[in-house]
Amino acid sequence: MALDDEDFNQYCQKLNLSEEAQSLIEQIRSSDPSRRVRSNAGNVCVRYPSQKMGCIIQAESHRVEFAGILEYEFTAGVLEYYDQPPAIKITYETKDGKRVTPLHTPDFFVLRENLAGWEEWKTEDELRQLSVERPNRYVPDGEGRWRCPPGERYASQYGLSYHVRSSAEIDW
């Protein structure tokens, strides 16, 4: 881990995180990934030996999530990042108005200098399709980025963030 206990406590004070948020982040920091990523049609799994984190970080996609790993690994403002953090419970209405509360495992939990939260990486095409299938879960923000309002609501109760990251952001 990049931050020792004292650095982590100072980080939490700097961000003015509640004890509940600190406890949640400590759980994420001390847990193994909640699941092992698997290859299936159209994706290739990656196991990246992170120098920043001192462990193997896994990604389900060598084209999208792996780009996220490289960004986290080589961006000074990223202090720590964790793959497959524990699942979170999000709530939203389906296209036909039914309220659902699925467990969702975001791709990463990231501690940045001024922000901590979950990040989900998807291809731009997948996000367009999901915005039709699940219009209350994935929405374009009108400025070329994507949002997940149920993820944002979940994160905000802890003073944390939830960001959807798109393949359109990747500059290979």
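On helix α1, the residues E6, Q13 and K14 are exposed, where exposed means over 50% relative accessible area, buried means under 20%, and partly exposed is in between, with a 1.4 Å probe and protein chains only. Helices here are DSSP runs of H or I with at least four residues, strands are runs of E with at least two, and both are numbered from the N terminus. This is a predicted model, in which local features need pLDDT of at least 70 and side-chain atom pairs count only at pLDDT 80 or more, while totals for chains, interfaces and linings use all residues. Residues are numbered from 1 along each chain as its sequence is written, and side-chain values use heavy atoms, without hydrogens and water.

Back to α1, which covers residues 5–14. Its residues F8, Y11 and C12 are buried. They cover an arc of only 95° around the axis, so they are on the same side of α1; the arc is taken from the directions from the helix axis to the C-beta atoms. An α-helix has 3.6 residues a turn, so residues three or four places apart point the same way.

What do the buried residues of α1 pack against? They pack against α2 (19–30), β3 (78–83), β8 and β9 (115–122), and contact here means heavy atoms within 4.5 Å.

Now the ends of this helix. D4 caps the N-terminal end of α1, with a side-chain oxygen 3.2 Å from the backbone nitrogen of E6. A polar contact is a pair of N or O atoms within 3.5 Å; within protein, one must be able to donate a hydrogen and the other to accept it, and residues adjacent in sequence count only if both atoms are side-chain atoms. After α1 comes N16, whose phi is positive, near 55°.

The cysteine sulfur nearest to C12 is that of C55, 19 Å away. The sulfur of C45 is 16 Å from the closest cysteine sulfur, in C55, which is too far for a bond.

Next, the aromatic rings. A pair of aromatic rings is described by the distance of the centres and the angle of the planes. Rings of Phe, Tyr and Trp (its six-membered ring) pair if their centres lie within 6.5 Å; planes under 30 degrees apart are stacked, over 60 edge-to-face, and the rest tilted. There are 7 aromatic pairs in the structure. The ring centres of Y72 and Y81 are 5.2 Å apart with planes at 45°, so this pair is tilted. For F109 and W118, the centres are 5.0 Å apart and the planes at 80°, so that pair is edge-to-face. F109 is buried at 0% relative accessible area, and W118 is buried at 1%. Ring pairs also link Y72, Y81, F108 and W121 into a cluster.

E65 is in helix α3 (residues 65–74) and is buried, at 5% relative accessibility. Leaving out residues up to four places away in sequence, E65 touches partners including F108 and W121. R112 is in strand β8 (residues 108–112).

Conventions
A disulfide is a pair of cysteine sulfur atoms within 2.5 Å.
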